[in-house]
Amino acid sequence: MTTYAIGSVNGDYRTLMQLLTTIGFDPLADRLWFAGNLVNQGPDSLQVLRYIKSLGKAAVVVLGKQELHLLSVALGYAQLGPDDTLAEILNAPDRDELLKWLRLRSLIHHDSKLNFTLVNAGLPGEWTFSQALTFAYEVESVLSGSNYAAFLENRKQDQSRWHAKLRGWKRLNFIANAYTQMAYCNEQGKLDFKAAGPIDSQPAGLMPWYRVPNRLTSQLNVVFADDAHFADSVYAGFHPLAGLSALQLSTPTATIAVTP
């Protein structure tokens, strides 16, 4: 069995199929890890969702900001933007089934045998691995439960620093935003929700989240979607997936990036 991590699909079904052909994906023998942002921007978000859902246990999916946006729009708590391409999902006969399936996805996935951890955006440096799993579960349990609508109604970028005493929606918002929107931050870990682009274009004091010193999860091999376009050099333990690309995880000594 071969396992591949896949970067943001963003509704591009055609390129996803080309990529899976390139890597020789066999759904009966191989596994795919999707780093969130399955939908939006591209023309075929509905087809992408249906296909990945149909893979069953052959696919692991963590949530990205596009999935949370879709869930919020579906309940009327957010509006479709001019560049959103989610209408086909919202009008689909299997809409409710697909949205429920998304709500049951995780924010983080870890495989101890492969020694890889999958997230959509990032992990705060002040969290231990155990805390990362516990905090993710706080959001996952709300999203999968009867109170998910209240969480989506109260979602916002209202907290940029982690504090252990955070409670209520601010706590859940920080956790969800860290997992799905984290890109740049300062040395103390304060998130900058607007910064994006190559490292050398950022103002002094900002750094990619994975370069924050004294990270408590520095022992992890983290795979994530590089939607911020860091254009960074190789950094030990961190594996950004640029665009719609794949990284073979089954043989860590011979991991390769594949693009269609």
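# Exercises on a predicted model

Arginine 50 and aspartate 94 form a salt bridge (a side-chain nitrogen of Lys or Arg within 4 Å of a carboxyl oxygen of Asp or Glu), and their closest N and O atoms are 2.9 Å apart. This is a predicted model, in which local features need pLDDT of at least 70 and side-chain atom pairs count only at pLDDT 80 or more, while totals for chains, interfaces and linings use all residues. Residues are numbered from 1 along each chain as its sequence is written, and side-chain values use heavy atoms, with hydrogens and water left out.

## Exercise 1: Salt bridges

Find out which parts of the chain the pair of arginine 50 and aspartate 94 links.

Step 1. Arginine 50 sits in helix 2 (residues 45–54), and aspartate 94 in the loop between helix 4 (87–90) and helix 5 (95–103). Helices here are DSSP runs of H or I with at least four residues, strands are runs of E with at least two, and both are numbered from the N terminus.

Step 2. Look at the separation: the partners are 44 residues apart, so the pair links distant parts of the chain. Arginine 50 has 36% relative accessibility and counts as partly exposed. (Buried means under 20% relative accessible area, exposed over 50%, and partly exposed in between, with a 1.4 Å probe and protein chains only.)

Now try another pair: is arginine 171 buried or exposed?

Step 1. Arginine 171 meets glutamate 138 in a salt bridge, at 2.8 Å from N to O. This pair also joins distant parts of the chain, with arginine 171 in helix 8 and glutamate 138 in helix 6 (residues 129–143), 33 residues apart.

Step 2. Arginine 171 has a relative accessible area of 12%, so this residue is buried.

How many salt bridges does the structure hold? The count is five.

## Exercise 2: The sides of helix 1

Work out where the buried residues of helix 1 lie around its axis.

Step 1. List them: in helix 1 (residues 13–23), the buried residues include Tyr13, Thr15, Leu16, Leu19, Leu20 and Ile23.

Step 2. Check their directions. These residues cover an arc of only 160 degrees around the axis, so they are on the same side of helix 1. The arc is that of the directions from the helix axis to the C-beta atoms.

Step 3. Go past the end of the helix: glycine 24 follows helix 1, and its phi is positive, near 70 degrees.

## Exercise 3: The largest pocket

Describe the largest pocket and its lining.

Step 1. Start with the volume, which is about 620 Å³. On a 1 Å grid over the protein atoms alone, a pocket is an open set of points with protein on both sides within 12 Å along at least five of seven lines, whereas a cavity is a set of points where a 1.4 Å probe fits but cannot get out; lining residues have an atom within 4 Å of a point. Grid points are joined across faces, edges and corners, and the volume is the space filled by probe spheres set on the points.

Step 2. Count the lining: there are 35 residues, and Asn37, Lys65, Thr180, Gln181 and Asp227 lie nearest the centre.

Step 3. Find the elements. Helix 3 (65–74), helix 7 (148–153), helix 8 (168–181) and strand 9 (222–225) each give two or more residues, and the largest share, five residues, comes from helix 3.

Step 4. Sort the lining by type: 14 residues are nonpolar, 14 polar and seven charged. Here Ala, Val, Leu, Ile, Met, Phe, Trp, Tyr, Cys and Pro count as nonpolar, Asp, Glu, Lys and Arg as charged, and the others, Gly among them, as polar.
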